[in-house]
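Please look through the sequence and the model below before reading on.

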Amino acid sequence: MLSFLFCLFCLSPDLAAENTVEMPTSGFSDVQAISWFYGDIMRLFKEGIVSGYPDGRFRPDSPVTCAESLKMILSASDDLTFSAVPGQPWYQPYYAYAREKRVADLSVLSPDAPISRASAVRLIVRAMGLPLRVGERSQPFADFADVYALTLYDAGILRGETSGGLLYFRGERSLSRAELAALVSRMLDYLAVRPVHKAEARLLPAGVKLPESPTAVEDFVHLLIFLSVSGAQEQTFTYRDVAAETVRDVYLPRLKEAYPIAADLCRESVIYYHHYDITLAYIDDYVTMTLALRGRDYTAEECRNMFTYTLERANAVSEEITAEMAEAGERGERAYARRCLDWVSLHCDYLDGGRLVDQYAYSVFHDGTSVCSGYTAAYNLLLKLGGIRCMSVTGTARSGGGSAPHAWTVAELDGEICMIDATWCDRPDADGQAAYFALDEQTFSRDHTPEWDWHSYWPIFGES
């Protein structure tokens, strides 16, 4: 086990804007040059990320709140500076930004509550857009198996606490303001020399967590999304005090049940892996299960290469659309979603060539031909890169007197949940199918019937 020094995790954003005060460049009255955190805090002060309390103190040992943490982390990761809005809490602009960018599940970040180390690490990773480090890699911490902690540890931002020759994360503990300052300072070091993978991070729903030992269908849904988005493709889990027959006969069927749900929630990534290999091992008093994702007609590496290519192309398209909107003076999620739909319609033709690749967004961006699954995956990818909450839904659609399996999009545009059929919008006919953009659910359900209740999983994408 590696070890890590626990001032790793530290630093807290400043207090409310109205409670701050200009400090002399010499520092705060309670931050001395001999203190371990002196350099980190003074660096953040000079960067304009912290300013302190009205009494001239920084209060390095005080717990840092969720609101303060969000302000400091976003200030460092996205170079943000917001002024207080009259009549609103000082942190409101930061929470609004985090909600828009899907940086955090704000329902679990009460502004004035002390933030835990585990929550702070998750927030930092998502704000920086770091690819998650999962797979066969062993955890460095003796007390906590957390993919966000491992990711931040590998980035050199998280260090930890050494005790008895072992390294501990202490994820349940609260952070001090000095500890968060140290973390944010290391964030700045990392961002100065390493690329930020914002695109990939935006594809991971805010409410998804990597389960330590998946048992329920929802656990496996989270697992499949985590592995497909991060590109790890393989993970081993340990079940203690559970019979091998339970893992094989109860848990594995739930994994099979989880796949179509995960594919609808994140069609732009999960759909690449139509198959998975399961390896069970029985050792003493516990069972291990290794899940390895793979394609049906393609290797896991080929699937990942297609996903990476698609993500790079889609990110370039998203940036192009955003620039065009700015030039035209257009604003709002509905306007962005409409432009994304126009792009897909212009650059892709419906063609069912019987290829598995047509199920992927890759077929739209690389080949310019696809079927409903590919259309929906490509469209959802563009929406998510634009910060729009969305998922796909599969079921049946009726047209011309018959019905057939189909896929479409559920999205939240400017606060309203609506339905969009990217495929039908590209195949206008006498029935007026070109109008299937941003319809309400009742209108849409006249000829679209979902095969499962998508409403129960909608909260996985975070707050509205």
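In which loop is alanine 438 found? Alanine 438 is found in the loop between β10 (416-420) and α15 (441-444), where helices (H or I, at least four residues) and strands (E, at least two) are DSSP runs numbered from the N terminus. Alanine 438 has a positive phi of about 55° although it is not a glycine. At 17% relative accessibility, alanine 438 counts as buried, a word that here means under 20% relative accessible area, with exposed meaning over 50% and partly exposed lying in between (1.4 Å probe, protein chains only).

This is a predicted model, in which local features need pLDDT of at least 70 and side-chain atom pairs count only at pLDDT 80 or more, while totals for chains, interfaces and linings use all residues. Residues are numbered from 1 along each chain as its sequence is written, and side-chain values use heavy atoms, with hydrogens and water left out.

**The chain in outline**

The protein chain contains 15 helices and 11 strands, and of its 464 residues 56% count as buried. Among the contacts in the protein chain with a separation of 6 or more, 67% are between residues 24 or more positions apart, a contact being heavy atoms within 4.5 Å.

Two packed helices are described by the angle between their axes and the distance between the axes. Axes are lines fitted to C-alpha atoms, for helices over the stretch in contact, and angles run from 0 to 180 degrees between N-to-C directions.

| Helix pair | Axis distance | Angle |
|---|---|---|
| α11 (residues 300-328) and α14 (residues 372-385) | within 9 Å | roughly 60° |
| α4 (residues 117-128) and α5 (residues 147-154) | within 9 Å | roughly 60° |
| α2 (residues 66-77) and α6 (residues 177-193) | 9 Å | about 15° |

Angles under 35 degrees count as roughly parallel, over 145 as roughly antiparallel, 65 to 115 as roughly perpendicular and the rest as oblique. A crossing is left-handed if the near helix is turned anticlockwise from the far one by less than a right angle, and right-handed if clockwise.

On the α11 side, Thr310, Leu311, Ala314, Asn315, Val317 and Ser318 meet Leu381, Leu382 and Leu385 in α14. The residues of this contact of α11 with α14 divide into 6 nonpolar, 3 polar and no charged, where Ala, Val, Leu, Ile, Met, Phe, Trp, Tyr, Cys and Pro count as nonpolar, Asp, Glu, Lys and Arg as charged, and the others, Gly among them, as polar.

Helices α4 and α5 are likewise oblique to each other, but their crossing is left-handed. Here Val121, Arg122, Ile124, Val125 and Arg126 in α4 meet Tyr148, Ala149, Thr151 and Leu152 in α5, and by class the contact of α4 with α5 has 6 nonpolar, 1 polar and 2 charged residues.

Helices α2 and α6 are roughly parallel to each other, and α2 passes α6 in a right-handed crossing. Their contact is made by Glu68, Ser69, Met72, Ile73, Ala76 and Ser77 of α2 and by Arg177, Leu180, Val184, Met187, Leu188 and Leu191 of α6; these residues divide into 8 nonpolar, 2 polar and 2 charged. Leucine 70 also lies in helix α2 and, at 0% relative accessibility, counts as buried. The C-alpha atoms of leucine 70 and valine 103, 33 residues apart along the chain, are separated by 9.7 Å.

**Individual residues**

Lysine 384, found in helix α14, is buried, with a relative accessible area of 5%. Leaving aside residues up to four places away in sequence, lysine 384 touches Arg202, Leu203, Leu265, Cys266, Glu268, Cys390 and Phe461.

Cysteine 266 is buried, with a relative accessible area of 0%.

Arginine 267 has its place in helix α10 (residues 267-270) and, at 6% relative accessibility, counts as buried. Its contacts, not counting residues up to four places away in sequence, are with Ser373, Thr376, Ala377, Ser392 and Thr394.

Aspartate 241, in the loop between β3 (234-240) and α9 (244-265), has a positive phi of about 60° although it is not a glycine. At 74% relative accessibility, aspartate 241 counts as exposed.
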